[in-house]
Every structure is written in C-alpha cells, then in structure tokens.
Amino acid sequence: MSLISSLKRVCLKIWGKITRLFPEKMEKDRTINKWFDETLSQIKPIRMLDLSLIGILNCARKYCNGILVLLGNHHKMPAAALLRILCELYVKVLWCFQESDKADEPDKDSIIFQRFQRWDYSRVVEQKKLLKNISSVSFGDYKQTIANILKGCEESIEKYKTQKLHCMPNAAQIFKDIPQAWGMEAYSKVYQRFSGAVHLDMGLMRETVQHAGEQIQCFSDPPSYKTNELLLYCISIACDINSLLRRHYGWDSDEIQYEYDTIARELDKKKKDD
C-alpha cells in the first residue's frame, strides 16, 4: 500500500470519529457550506462587481469555517476574533448595498460597485499609513520591498482621486447609515463586544486567569464567551450574507431562512446549558 493511500485511510478514520463525536456540529457545517456552494454556483463572473461578490462570499465562507473549526476544538477566544472580522466584513458589504435600494434598476450595480471602490480606497489609504511607519524601521532588501508596495498604494490613491471618490466612513458612521431594519443594532453589539478578542486588553486577559488561594487556574478562553452564542452569530451572518446576495440577483432565499430559523431555535434552547 502506498504512503498516500495510507494517509487517506488515516484521514478518513479521523473524519469518521469527528462526525460521530460531533454529529450536530457537522450538520451545521454542511448546511452553511451548502448555502455558500449554491449561491456561488449561480453567480456568473461577467462583470467586476460579480467577481467582487464571489470574492466576498469566498472570504466569508473561509471565516465561517474557521470559526466552526475553532469552536469544535474549544478555542472560543480566537473564534470570537474571527467572528469580529466576519461581522466587519458583512457590515461593510451591507453599507455597499444600502444606497442601491433607493436607485432605479439600471443604476443599482454601478452604485454598489462605486461603494466597493470607496471601500478599497480606504484600505489603500490605511495601508499607506502602515507601510510608512514600517518603512521607518526597515532595512536592506525589505525596505526596498516596502518602497515598491508604497508606490503601488500611491498610484491607486491617485487613481481614486481622479474619479473624485471619497473614502468610506468610519465604523460608527456606517452603523448609523444602515437602517436598523437590517439588524444593525444586533451587529453593532457583536462588533463592539468581540473587538477585545482582536485588540487584546488587560481586562479580557485577566478573565482567562482565576486565583484559588495560592493556586492559579488558567482557562483557555474568557468565561464570558459562550460556544452556542458564537456559533449562532456565525450562522446568522452566513445566512444574512448569502440571502443579501441572492436577493440582489433576484433569487429566492426562503430555504436558507427556513434552515437558519430551525438551527437558531435549536441553539437558543441550548444557550442556558452553555
């Protein structure tokens, strides 16, 4: 038997054990990935906007699967960090789509794409600031590499300036701009609550340590982070971002919503036991 065949057999055995140990989790994994598979399979990469939306779905899918893997291995704090990033991605996508609802059909796509350009403009501006700081403490070949990337940033900034674009607003303004009907109140709480997992603070780090006399008990995650809560938020964003893009293309999203509601009810019941 070849080495590759042996490795395949070992991997299949491990996968079988995982699915037996976590059957409900694996079912949620399959459901989420089915949503992304079905949505991605229907988008035809005809325009730049289509390519952007495919890229967004692909990144959202990777974040979701990363969160599920981390939660399955009892790593709640890094899962919360990924959830915060996923939430930011979804909120920015919502902002890009928001104004298009007020436009006539022929103008919708151009408005959305222009907002994606504003998003990228902001990204390039921030990257330029970061690279300038790094460049000041860089040496040798790496300093030249930074200089080359900086040149590309400056060229992109000039291009966006000639198009008379503005950077996208900051996070607080984005939350204000998007109607509450889009669930912004809930997502602003997610964004704020799990920011500490990305930008670590002393309070959060102290949550992972508990004293018992002279003994110190170290926890792998802050006790305030709950597995089912993190999982519910992840599945909620997966549902919302797939539904948003399906509505944009005029496709039905009722099945996704029904499957999400079923999972959400199940997880809501388990919250008290988390």
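**A walk from the aromatic pairs to the hairpin**

Counting rings whose centres lie within 6.5 Å, we get seven aromatic pairs. One of them is Tyr-90 with Tyr-187: the ring centres sit 5.1 Å apart and the planes meet at 65 degrees, so this pair is edge-to-face. Tyr-90 belongs to helix H4 and Tyr-187 to helix H8 (residues 184-193), so the pair ties together parts that are 97 residues apart in sequence. Keep in mind as you look around that this is a predicted model.

Stay with H4, then, and look at how it packs. Two packed helices are described by the angle between their axes and the distance between the axes. Helix H4 (residues 76-98) packs with helix H11 (residues 227-248) at about 25 degrees, and their axes are 10 Å apart. Since angles under 35 degrees count as roughly parallel, H4 is roughly parallel to H11. The crossing of H4 past H11 is left-handed.

Which residues of H4 and H11 make the contact? From H4 come Lys-76, Ala-80, Leu-83, Leu-86, Cys-87, Tyr-90, Val-93, Leu-94 and Phe-97.

On the H11 side, the contact uses Asn-228, Leu-231, Leu-232, Ile-235, Ser-236, Cys-239, Asn-242, Ser-243 and Arg-246. On the H12 side you'll find Ile-256, Gln-257, Tyr-260, Ile-263, Ala-264, Leu-267 and Lys-270. What does the contact of H11 with H12 look like by class? It has nine nonpolar, five polar and two charged residues.

Now for the strands. Strand E1 (residues 209-212) and strand E2 (residues 215-218) run antiparallel, joined by four bridges. To get your bearings on the pairing, find Val-209, which stands opposite Cys-218 in E2, and then His-211, which stands opposite Ile-216. E1 and E2 form a hairpin with two residues between them. In the turn, Gly-213 has a positive phi of about 70 degrees.

Methods:
Residues are numbered from 1 along each chain as its sequence is written. This is a predicted model: local features need pLDDT of at least 70, side-chain atom pairs count only at pLDDT 80 or more; totals for chains, interfaces and linings use all residues. Side-chain values use heavy atoms; hydrogens and water are left out. Axes are lines fitted to C-alpha atoms, for helices over the stretch in contact, and angles run from 0 to 180 degrees between N-to-C directions. Angles under 35 degrees count as roughly parallel, over 145 as roughly antiparallel, 65 to 115 as roughly perpendicular and the rest as oblique. A crossing is left-handed if the near helix is turned anticlockwise from the far one by less than a right angle, and right-handed if clockwise. Contact means heavy atoms within 4.5 Å. Ala, Val, Leu, Ile, Met, Phe, Trp, Tyr, Cys and Pro count as nonpolar, Asp, Glu, Lys and Arg as charged, and the others, Gly among them, as polar. Two strands pair if DSSP finds at least two bridges between them. Rings of Phe, Tyr and Trp (its six-membered ring) pair if their centres lie within 6.5 Å; planes under 30 degrees apart count as stacked, over 60 as edge-to-face and the rest as tilted.
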